[in-house]
Structure formats: C-alpha cells, structure tokens
Amino acid sequence: MDYQQIRYAVDAGVLTITLDRPERLNAFTARMMHELLDAFERADADDAVRAIIVTGAGRAFCAGADLGSGGATFDHSSGPQAQPIEEHRDGGGLVTLRIFASKKPVIAAINGAAVGVGITMTLPMDVRIAASGARIGFVFARRGIVAEACWFLPRVVGISRAAEWVLTGRVFPAEEALASGLVSRVVAPEALLDTARALAREIADNTSAMSVALCRQMLWRMLGADHPMEAHQVDSRAIYWMGKSADAREGVQAFLEKRPARFTLRPSADMPEFYPWWEERKFR
C-alpha cells in the first residue's frame with residue numbers, strides 16, 4: 001500500500017509508525033484508518049519487526065477526527081459512503097481492534113495533543129509514554145457523539161476515572177494521565193522517542209518473539225475472563241507448548257552459559273495449534 005498519511009520505518013527490529021499530517025495536527029481520516037490497518041497487518045507478517053512505536057509528526061500526536069467536512073463529519077447515513085446502521089463499523093474502533101490483535105508489542109509515544117480517536121487508538125497499545133507538554137481528552141460528548149473503544153479505558157484506569165474523563169470531555173495534562181495510570185511515564189519532549197526506543201530495544205534484544213506474542217494476547221484476552229481458572233487453562237496450554245519448543249531450550253541454555261539467547265520461533269508462521277484460543281467462543 002502507498003502510505004500518504006503515515007510513515008513506516010523499521011530499524012534494527014523496531015518499527016516506528018508516524019502519523020504524518022502535521023499541517024492538520026495528524027487528524028484522523030478514512031485514508032489514515034486504512035493505512036494503519038495495513039501497517040499493522042504488514043508488521044504482523046514481518047518477523048524482522050519485534051516491537052512497534054506509534055508517534056505523531058510535528059507538534060501533535062493526533063488531534064482526533066478531521067472535522068474539515070463540517071457538521072456532517074460523523075453522519076454515515078447519507079452520501080456516497082452511506083451504510084445502514086447494522087452494517088456500519090466505526091473507523092477508529094476498527095483501528096483499535098486491529099492493534100488489540102497485534103502479535104507485536106506496541107508503544108505509544110504521545111508527543112503532543114491526543115484527543116478523541118487520537119487517544120482511544122492508544123488504549124490497546126501496551127505502553128503509553130507522554131511528552132511533558134502533551135494534552136489528552138476524550139472529547140466525544142462535547143462533539144455530540146460517543147466514545148469508541150470504551151471497553152478499554154475502564155480496564156486501564158478504572159471505571160470512575162474513565163467516567164469522569166468521558167462524561168465531561170475535558171482536556172487534561174499528561175501529569176494527570178500519569179497519576180491515573182493512563183500513561184506510564186512523562187518525559188521531556190526531546191527524550192520521548194529515545195525513551196520509547198530504549199523500551200522497544202529491551203524487548204527486541206532480549207526476548208522470544210513467540211513468548212511475547214503469546215503473553216501479549218494472554219494479558220489482554222484474560223481481562224474479561226469470568227474466573228482465574230479460564231486463564232489457568234490457557235496458561236497451561238501455552239506453557240506446555242512453549243516448554244517443548246526450541247525457544248525454551250535456547251532460553252535455558254543461554255542463561256546457563258551466560259550468553260545472549262538466539263530465539264528462532266516466528267510469530268508469522270509458527271503459532272501453536274490452539275492459537276487463537278478465543279475463537280473457540282468467538283463473539284458474533
């Protein structure tokens with residue numbers, strides 16, 4: 001795919017996806033949606049990508065949906081893209097779900113304003129790091145619409161804080177996001193990408209890609225489990241399968257020999273037969 005609104009760059013196992021409409025504060029469009037969906041598909045298929053950073057060009061991360069078309073921006077009931085309500089799927093939600101499904105860990109480097117879909121798209125990312133001047137807002141109710149991806153926010157920060165932010169729609173500083181656990185660190189703007197890259201490098205240089213892919217999905221999918229036994233059953237299958245793998249043998253041997261491990265399992269081709277286990281009771 002020809003990327004026009006994002007940049008895709010891989011360096012030593014770390015993919016950086018940059019939202020690239022700085023003149024519009026990287027506002028989200030249908031084109032950007034399709035490019036992001038393609039980028040995450042491409043990353044999952046590329047075993048050279050071990051970790052992903054998402055950031056924005058210029059002074060914003062993403063200013064939310066592009067409102068350039070005026071009051072009908074969110075009206076999907078008429079015009080050339082009209083759909084019946086039963087068939088419509090929100091674009092920001094589709095991106096969020098694709099990131100949720102990623103086999104690679106995802107780090108948000110929030111370099112500036114992140115509002116609306118600009119912040120909800122980060123919720124299924126595994127780590128969010130913000131620049132000290134970043135401002136964040138779940139502004140949907142102030143635009144007369146609703147928040148997409150509401151499944152994620154209360155799981156990240158708790159229902160009371162999620163409700164306060166969503167129901168007021170107010171914009172708040174990075175320090176408030178840190179205090180509530182929405183971001184894990186607030187750093188100086190000039191240190192943001194180096195901090196994100198150091199974390200991505202720690203993953204890429206020291207871990208089994210297969211272990212990371214499975215652990216990532218186990219952590220996220222078990223958030224909705226009704227009982228820890230459900231998680232235990234998945235844990236047991238994964239430990240059994242990994243325990244007899246070349247990566248487990250290599251991980252132990254490397255530790256005993258005090259050398260870096262050389263893991264070989266590929267998430268693009270070597271996933272266990274029980275993956276994706278959640279398809280056994282897939283929501284329809």
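Q: What do strand 1 and strand 2 form, and how many residues lie between them?
A: Strand 1 and strand 2 form a hairpin with 2 residues between them, and Ala-12 in the turn has a positive phi of about 50°. This is a predicted model, in which local features need pLDDT of at least 70, side-chain atom pairs count only at pLDDT 80 or more, and totals for chains, interfaces and linings use all residues. Residues are numbered from 1 along each chain as its sequence is written, and side-chain values use heavy atoms, without hydrogens and water.

Q: How do you know that strand 1 and strand 2 pair?
A: Pairing requires at least two bridges found by DSSP. Strand 1 (residues 6-11) and strand 2 (residues 14-19) run antiparallel and are joined by 6 bridges, so they pair. Ile-6 stands opposite Leu-19 in strand 2.

Q: Why are helix 8 and helix 9 called roughly antiparallel?
A: The axes of helix 8 (residues 209-221) and helix 9 (residues 228-243) cross at roughly 175°. Roughly antiparallel means an angle over 145 degrees, and the two helices are therefore roughly antiparallel.

Q: What makes the pair of Tyr-275 and Trp-278 edge-to-face?
A: Rings pair if their centres lie within 6.5 Å, and planes over 60 degrees apart count as edge-to-face. The ring centres of Tyr-275 and Trp-278 are 5.2 Å apart and the planes stand at 85°, so this pair is edge-to-face.

Key:
Axes are lines fitted to C-alpha atoms, for helices over the stretch in contact, and angles run from 0 to 180 degrees between N-to-C directions. Helices (H or I, at least four residues) and strands (E, at least two) are DSSP runs, numbered from the N terminus. Angles under 35 degrees count as roughly parallel, over 145 as roughly antiparallel, 65 to 115 as roughly perpendicular and the rest as oblique. Rings of Phe, Tyr and Trp (its six-membered ring) pair if their centres lie within 6.5 Å; planes under 30 degrees apart count as stacked, over 60 as edge-to-face and the rest as tilted.
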